[in-house]
Amino acid sequence: MSKAVEKIKKLLALSGSPDENEAAAALAQAMHLAAESGIDLDEVRGIEYDQEIGEGKYGVPKARINGWENLLVCKIADIFGCRAFIMIFWDREAGRVRQQFHLVGTAKDREIADYVIAYLQRSLMALARRNMKALTKHRKISESRLRESFLIGAVVRVTELARRIFASQADQAVSNGFALMRQRGALAQRHMEANHNLRDHGKSRAKLDDRAARFGYNAAGEIMIHKGMPGSNAGLLEG
């Protein structure tokens, strides 16, 4: 690593100083040195982030992960600077093949994504239970197909809103944290592709019912998404 990059890294570290004057001066010096040396500041930041990228398991192993769960986990992981994939393995104790989500990202980003996913997963399952009677009434379609279609529609709604809510947080600390998360997301993607031979798993193989999906999309409006978002706690985004 060049001396210029090392110096820029130190200046960027100083730019996080609680002393506003010191922080501003350090950032200005880092920008000047980067421009003078033809160095991309984001790449220098990326070197730091790349050292922090790791993996962690999410949820419990299952015989098969449903398509709506896969959609939810992947979309929320993406919003919070992570990536997700399904690991398939042989469970010796159970004597069968299992599937489990793995989240890729920094420890703090994975912690936030894990929290939001768990909250939305619980909320969506409760939503489906409350609406199953109305969903299946006068429908000559299997309950499992209707439920999967309903939940796919609901996931699309809540993940759209989650992205919009978090990205538009007025709190500057949260906004800054979100911007940095998005940068780290690309590094998480690179880490995942470099370390795993990925295939698509967990996607719904059943044909979705448009009516049930539309019902789920509309019903998901009642989920209190902001309760599961870390925007009210800027400390979650510090690090």
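Trainee: Which residues have the most contacts inside the largest nonpolar core?

Mentor: This is a predicted model, in which local features need pLDDT of at least 70, side-chain atom pairs count only at pLDDT 80 or more, and totals for chains, interfaces and linings use all residues. Residues are numbered from 1 along each chain as its sequence is written, and side-chain values use heavy atoms, with hydrogens and water left out. A nonpolar core is a set of buried Ala, Val, Leu, Ile, Met, Phe, Trp, Tyr and Cys residues joined through side-chain atoms within 4.5 Å. The largest one has 40 residues, and those with the most contacts inside it are Leu72, Ile76 and Leu124.

Trainee: Which element gives the most to this core?

Mentor: Helices (H or I, at least four residues) and strands (E, at least two) are DSSP runs, numbered from the N terminus. At least two core residues come from each of α4 (67–79), β2 (83–91), β3 (96–105), α5 (107–136), α6 (143–167) and α8 (210–219). The top contributor, with twelve residues, is α5.

Trainee: Which residues does Ile76 touch?

Mentor: Contact means heavy atoms within 4.5 Å. Residues up to four places away in sequence are not counted. That leaves Ala113, Val116, Ile117, Leu120, Thr159 and Ala162.

Trainee: How many residues are in the second, separate core?

Mentor: Ile8, Leu11, Ala26 and Leu33 are among its members. The count for this core is seven.

Trainee: How many disulfides does the structure hold?

Mentor: A disulfide is a pair of cysteine sulfur atoms within 2.5 Å. Burial is scored by relative accessible area: buried is under 20%, exposed over 50%, partly exposed in between (1.4 Å probe, protein chains only). Cys74 is partly exposed at 28%, while Cys82 is buried at 0%. The number of disulfides is zero.

Trainee: How many bridges join β2 to β3?

Mentor: Two strands pair if DSSP finds at least two bridges between them. β2 and β3 run antiparallel. The bridges joining β2 to β3 number nine.

Trainee: Which residue takes a positive phi in the hairpin of β2 and β3?

Mentor: Four residues lie between the strands of this hairpin. The phi in question is near 70°. The residue is Gly95.

Trainee: What is the angle between the planes of Tyr58 and Phe101?

Mentor: Rings of Phe, Tyr and Trp (its six-membered ring) pair if their centres lie within 6.5 Å; planes under 30 degrees apart count as stacked, over 60 as edge-to-face and the rest as tilted. The whole structure has two aromatic pairs. Tyr58 and Phe101 form a tilted one, 6.5 Å centre to centre, with planes at 50°.

Trainee: Where do Tyr58 and Phe101 lie, and how many residues apart are they?

Mentor: Tyr58 is buried at 7%, and Phe101 is buried at 5%. Tyr58 sits in strand β1 (residues 54–62) and Phe101 in strand β3, so this pair links distant parts of the chain, 43 residues apart.

Trainee: What is the centre-to-centre distance between Phe150 and Phe215?

Mentor: Phe150 lies in helix α6 and Phe215 in helix α8, so the pair ties together parts 65 residues apart in sequence. Phe150 is buried at 0%, whereas Phe215 is partly exposed at 26%. The pair is edge-to-face, with 90° between the planes and a distance of 5.4 Å.

Trainee: Is His138 buried or exposed?

Mentor: His138 is in the loop between α5 and α6. Its phi is positive, about 60°, although His138 is not a glycine. With a relative accessible area of 75%, His138 is exposed.
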